[in-house]
Number of protein chains: 2
Amino acid sequence: MYKLHSTIRDVAKRLNLSITTVSRALDGYDDVADRTRKLVFATAKEMGYIPNRAARQLRRQRTDTIGYILPADSAGFADPFFSEFIAGLSDEASAYHFDLLVSAAPPDSKGEKELYKRWVQGGKVDGIVINRVRLNDWRLRFLARQSMPHVAMERSLSKLDFVGIEVDSFNGMLKLMAHLIERGYKRIAYIGGDPNLKIDHDRLSGYQSGLKSAGIESDPALIVHTNMTSEGGYRTAELLFALSVPPTAMVCINDTTAIGVMHAVHEHGMIIGRDIAIAGFDGIADSAHASPPLTTLDQPIYNIARKLSSMLLTIVSGKTLENKQIKMQPQLLIRSSTGG
Amino acid sequence: MYKLHSTIRDVAKRLNLSITTVSRALDGYDDVADRTRKLVFATAKEMGYIPNRAARQLRRQRTDTIGYILPADSAGFADPFFSEFIAGLSDEASAYHFDLLVSAAPPDSKGEKELYKRWVQGGKVDGIVINRVRLNDWRLRFLARQSMPHVAMERSLSKLDFVGIEVDSFNGMLKLMAHLIERGYKRIAYIGGDPNLKIDHDRLSGYQSGLKSAGIESDPALIVHTNMTSEGGYRTAELLFALSVPPTAMVCINDTTAIGVMHAVHEHGMIIGRDIAIAGFDGIADSAHASPPLTTLDQPIYNIARKLSSMLLTIVSGKTLENKQIKMQPQLLIRSSTGG
DNA sequence: TTGTAGGCGTTATCAA
DNA sequence: TTGATAACGCCTACAA
């Protein structure tokens with residue numbers, strides 16, 4: 001096959017230099033004559049030389065790549081949360097000349113396990129980012145056991161030596177509940193996701209704690225779980241409306257769910273913010289443009305992703321991370337969907 | 001450093017076999033004794049052996065990886081379109097044991113060029129998927145010149161030997177315009193994206209052609225361009241409302257824009273579907289759950305992405321692609337936002 | 001300041 | 001049916 005790209009050898013040959021010198025010049029070592037270095041740079045550029053990644057990886061035993069596996073059964077899956085998250089990871093990685101490997105697999109599936117194994121044991125990535133952490137998450141155990149650098153967006157229950165960023169879901173929910181209760185809402189439903197998710201656990205706890213401190217008894221019929229999609233939100237709201245005494249407010253595990261819920265509410269001819277209150281979590285762009293604008297707990301997804309990426313890169317490069325555990329408070333954005 | 005993963009050498013040593021035999025056994029060659037093969041498989045599994053990717057890549061001169069660069073200035077960027085698209089690409093790739101490399105860069109930026117160069121000339125990927133094609137797209141020329149396999153979601157104007165999938169934006173728009181005009185709308189605005197985008201070009205042409213065939217004169221003040229976000233849609237709608245004679249209908253280049261537009265309309269106290277009609281393009285999940293549900297031209301993003309991925313893998317593996325150019329018709333989903 | 005040589009872990013060619 | 005050996009392209013002791 002015809003060779004398309006020039007190698008370091010081609011550059012060396014052209015300049016009558018050794019491969020070593022070219023390599024060292026390009027890598028900025030200071031034991032190369034200034035004239036030589038300039039010559040090398042010029043020629044390399046002229047010849048369009050770009051180091052072969054596989055060779056470099058093999059030699060240096062690193063890939064300059066980090067990985068992220070979308071925890072989603074992806075047919076029909078769509079949430080701007082992930083676009084933002086991926087964009088953030090990738091931007092920060094790019095800035096350090098790292099690449100981002102992405103794949104998707106349903107949580108706790110066989111495919112997910114195989115993917116992680118392939119990436120980790122095949123040396124496909126130097127580090128891994130995790131989110132949508134489960135209460136008892138095999139991924140965290142696996143990565144720790146394999147000494148694969150990793151950061152997570154939420155901590156699991158068991159994991160004490162957690163490295164990453166956690167948005168305080170519990171406290172956020174508490175604030176949201178206080179807001180609703182202050183507005184006079186009492187019969188408040190919680191529409192969650194998989195109860196096995198750390199965020200579901202925390203947000204539900206916040207919900208319950210919020211009710212309790214207001215002296216409102218929690219009604220199990222008002223606590224439902226679905227799949228964090230607008231579809232799911234829509235269907236679940238329908239179920240709640242079928243109750244003999246439907247809720248007058250619904251808080252959702254994320255904005256996407258809330259948008260589906262709003263749709264169902266509209267169909268029932270109710271005015272959101274007056275007849276019923278709806279709230280979400282995430283602060284995705286569309287939440288500001290929902291009708292009416294959605295009250296939500298805003299977390300800066302893009303920036304969180306960037307920071308996660310940067311933390312991971314620090315670990316990967318062997319430097320010590322001064323701040324291993326970051327806790328952030330989500331910001332309660334009161335908009336008209338709760339009568340704001 | 002302590003060696004974490006076993007190599008093929010370890011497996012060979014343990015079995016007192018040559019590396020060659022182990023390699024050939026694992027790769028399923030038929031010149032290996034059955035007993036040997038079984039032994040090799042068992043031991044490899046037991047030792048947790050997974051081939052090192054970098055070494056394999058270097059030797060075989062392929063990466064088993066395809067790439068996709070998000071054409072987006074990514075701060076604050078979020079569109080479920082991309083989540084679905086990425087999920088589709090990655091799912092199909094996974095099925096063939098390929099990985100998906102993802103990055104983001106603003107269209108036509110320096111960073112974008114560097115990224116493509118790095119991936120292509122550094123041998124990071126075996127093929128590349130492109131969407132949001134520009135009218136005169138340097139990426140297509142570059143990839144062709146570098147003999148890098150690639151597929152695109154839209155064809156460019158210049159590119160005759162286009163490989164990929166194109167959704168017939170022009171014809172879709174024509175159908176949508178006919179629908180609106182039949183409903184009695186005459187003063188219809190077009191809210192596009194970057195005019196340099198192939199989809200903008202086609203959708204705008206469809207819009208104009210639709211007007212023309214109904215004998216309606218096109219008003220330049222009603223043709224505006226923004227950035228394909230809900231933010232942009234919101235702002236642009238405000239501008240249109242400030243016209244001395246505002247439009248009575250607005251068709252948008254995509255659903256995300258339309259959602260922002262709807263928000264502005266609501267703020268003006270108008271009833272969508274009665275006082276004004278709004279339509280989008282894409283058929284993202286949330287379009288069904290907008291308030292009211294959004295009339296849109298539906299394209300099966302996830303499946304298109306899967307198909308693109310599969311076409312690319314066919315090319316990469318050297319097989320011939322029977323059907324290089326696929327043209328699809330978007331489906332007009334008439335919902336209440338246009339009075340449906 | 002520059003060059004020689006060895007090896008990262010695989011796969012592929014050729015011989016045994 | 002198996003094994004020895006040579007690359008793939010790069011980095012890095014070590015030597016010159």
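I started with helix H9 (residues 198-213) of chain A and looked up what covers its buried residues: the cover includes helix H8 (169-182), S6, strand S8 (249-252) and strand S9 (277-282) of chain A. A reminder to myself: this is a predicted model.

Next I listed the buried residues of H9(A). Among them are Lys198(A), Ile199(A), Asp200(A), Leu204(A), Tyr207(A) and Leu211(A). Charged residues such as Arg203(A) and Asp202(A) are on the buried list too.

Then I checked the length of H9(A). (The expected span uses one less than the number of residues.) After the helix comes Gly215(A), and I noted its positive phi, near 75 degrees.

**The sheet**

S6, S8 and S9 sent me to the sheet in chain A. I found six strands in an open sheet, ordered S7-S6-S8-S9-S10-S12, with mixed pairing. Strand S7 (223-225) and strand S12 (331-333) are the edges, each pairing on one side only. From one strand to the next, the twist averages 20 degrees.

I zoomed in on one pair. Strand S6 (residues 188-192) of chain A runs parallel to S7(A), with three bridges between them. Gly192(A) stands opposite His225(A) there.

**Chain A meets chain B**

How many residues does each chain give to the contact? I got 59 from chain A and 59 from chain B. On chain A's side, the elements giving two or more residues include helix H4 (53-60), helix H6 (110-121) and helix H10 (230-241). The largest share, nine residues, is from H5(A). By class, I noted 26 nonpolar, 23 polar and 10 charged residues on that side.

I also saw strands pairing across the two chains. S2(A) and strand S2 (residues 99-105) of chain B are antiparallel over three bridges. Leu100(A) has Val102(B) as its bridge partner.

**Around the DNA**

Last, I looked at DNA strand C. It has 24 residues around it, and Ser18(A), Ala33(A), Ile8(B), Asn52(B) and Ala55(B) come nearest. Helix H2 (19-26) of chain A and helix H1 (8-15) of chain B are among the elements that give two or more residues to this surface. Which element gives the largest share of the surface near DNA strand C? I found that H4(B) does, with five residues. The surface divides into 10 nonpolar, eight polar and six charged residues.

Note on methods:
Residues numbered from 1 in each chain as written. Chains lettered and ligands numbered in written order. Predicted model: local features only at pLDDT ≥ 70, side-chain atom pairs only at ≥ 80, totals over all residues. Contact = placed C-beta atoms within 7 Å. Helix = DSSP H or I, 4+ residues; strand = E, 2+ residues; numbered from the N terminus. Pairing = 2+ DSSP bridges. Near = placed C-beta within 6 Å. Axes fitted to C-alpha atoms, helices over the stretch in contact; angles between N-to-C directions. Buried ≥ 20, exposed ≤ 12 C-beta atoms within 10 Å, placed from the backbone.
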